[in-house]
Amino acid sequence: MIERGWAAAACRGDEDAFYQLISIHKRKLYGIAYSYLRNEADALEVVQETVCRAWSKCTQLKDPDSFMPWLIRILINCSIDEQKRRRRITPEVSMDTTTGTAEMISVVRMDLEMALEQMKPKYRHVLMLKYYQDMTLTDIAKVLDRPEGTIKTWLHQGLKQIRKQMDWGGERYYG
């Protein structure tokens, strides 16, 4: 695979190979950042910070095959850092100001997002990578640096928590 060669070259300090890898995966990186931050500007800033951190530490990566899981792990850590920074700042009412109009959001989706925010980070990470980014359990295990069995357990526990929190008036949302 050509990506493997680019990863090996990037780990040796090849700027062009690093650029090629980032270019190929930029949408995926943005999608993950956006799923954590739900804000376009913050997601773009976190992707930029991730690329800077990755470039500065790339030569220290020993296994080029683990380049993408390593990069996604950096992205998740940067996203979490940004979330913590947001909490330190006075909470504000957030509206999507990029389009100039407030967008109607489904009540079910709002409840799902609130349920995700309330759960433990390890469960939230697995659910977001699995269902928002369509990653396999094996890929998630590499990104989070945990055994695949642990990821399966976290997925099961996370889904159980979501089901419990999404119960509404004795009926469950389906849709």
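The surface words used here have set limits: buried means under 20% relative accessible area, exposed means over 50%, and partly exposed lies in between, with a 1.4 Å probe and protein chains only. Arg53 lies in helix α3 and Asp81 in helix α4 (residues 67-88), so the pair ties together parts that are 28 residues apart in sequence. The link is a salt bridge between Arg53 and Asp81, with the closest N and O atoms 3.7 Å apart. A salt bridge here is a side-chain nitrogen of Lys or Arg within 4 Å of a carboxyl oxygen of Asp or Glu. Helices (H or I, at least four residues) and strands (E, at least two) are DSSP runs, numbered from the N terminus.

Before going further, a word on what you are looking at. This is a predicted model, in which local features need pLDDT of at least 70 and side-chain atom pairs count only at pLDDT 80 or more, while totals for chains, interfaces and linings use all residues. Residues are numbered from 1 along each chain as its sequence is written, and side-chain values use heavy atoms, with hydrogens and water left out. The pLDDT is the predictor's confidence in each residue, from 0 to 100. For the protein chain the average is 83, and 82% of the residues score at least 70. Confidence is highest in helix α3 (residues 40-57), at a mean of 94, and lowest in strand β2 (residues 171-172), at 52. Over residues 93-102 the pLDDT stays under 50, and the model has three contacts for them beyond four places in sequence; a contact means heavy atoms within 4.5 Å. Where pLDDT is low, the predicted coordinates should not be read in detail.

Now back to Arg53 and its partners. Arg53 also meets the side chain of Glu49 in a salt bridge, at 2.9 Å from N to O. Glu49 and Arg53 are separated by about one helical turn, because they are four residues apart in helix α3. Glu49 is partly exposed at 36% relative accessibility, and Asp81 is partly exposed too, at 37%. Over in helix α4, Glu82 and Arg85 are three residues apart, about one turn of the helix. Their closest N and O atoms are 2.5 Å apart, in another salt bridge. Here Glu82 is buried, at 8% relative accessibility, whereas Arg85 is partly exposed, at 33%. Salt bridges that share partners join Glu49, Arg53 and Asp81 into one network. The count of salt bridges comes to five.

The buried residues of α3 are Asp42, Ala43, Val46, Val47, Thr50 and Ala54. Seen down the helix axis, these buried residues fall within an arc of 135°, so they line one face of α3. That arc is taken from the directions from the helix axis to the C-beta atoms. What covers the buried residues includes α2 and α4, while Ala41 and Gln48 are exposed on the other side of α3. At the N-terminal end, Asn39 caps the helix, with a side-chain oxygen 2.9 Å from the backbone nitrogen of Ala41.

Most residues other than glycine have a negative phi. Arg38 has a positive phi of about 55° although it is not a glycine, and it is partly exposed, at 30% relative accessibility. Asp134 also has a positive phi of about 55° without being a glycine. Asp134 is found in the loop between α6 (121-132) and α7 (137-144), where it is exposed, with a relative accessible area of 68%.

Asp134 leads us to Leu129, one of whose contacts it is. Leu129 lies in helix α6 and is buried, with a relative accessible area of 1%. Not counting residues up to four places away in sequence, Leu129 touches Ile32, Ile76, Asp134, Met135, Ile140, Val143 and Leu144. From Leu129 to Val143 there are 14 residues in sequence and 9.4 Å in space, C-alpha to C-alpha.

Methods
A polar contact is a pair of N or O atoms within 3.5 Å; within protein, one must be able to donate a hydrogen and the other to accept it, and residues adjacent in sequence count only if both atoms are side-chain atoms.
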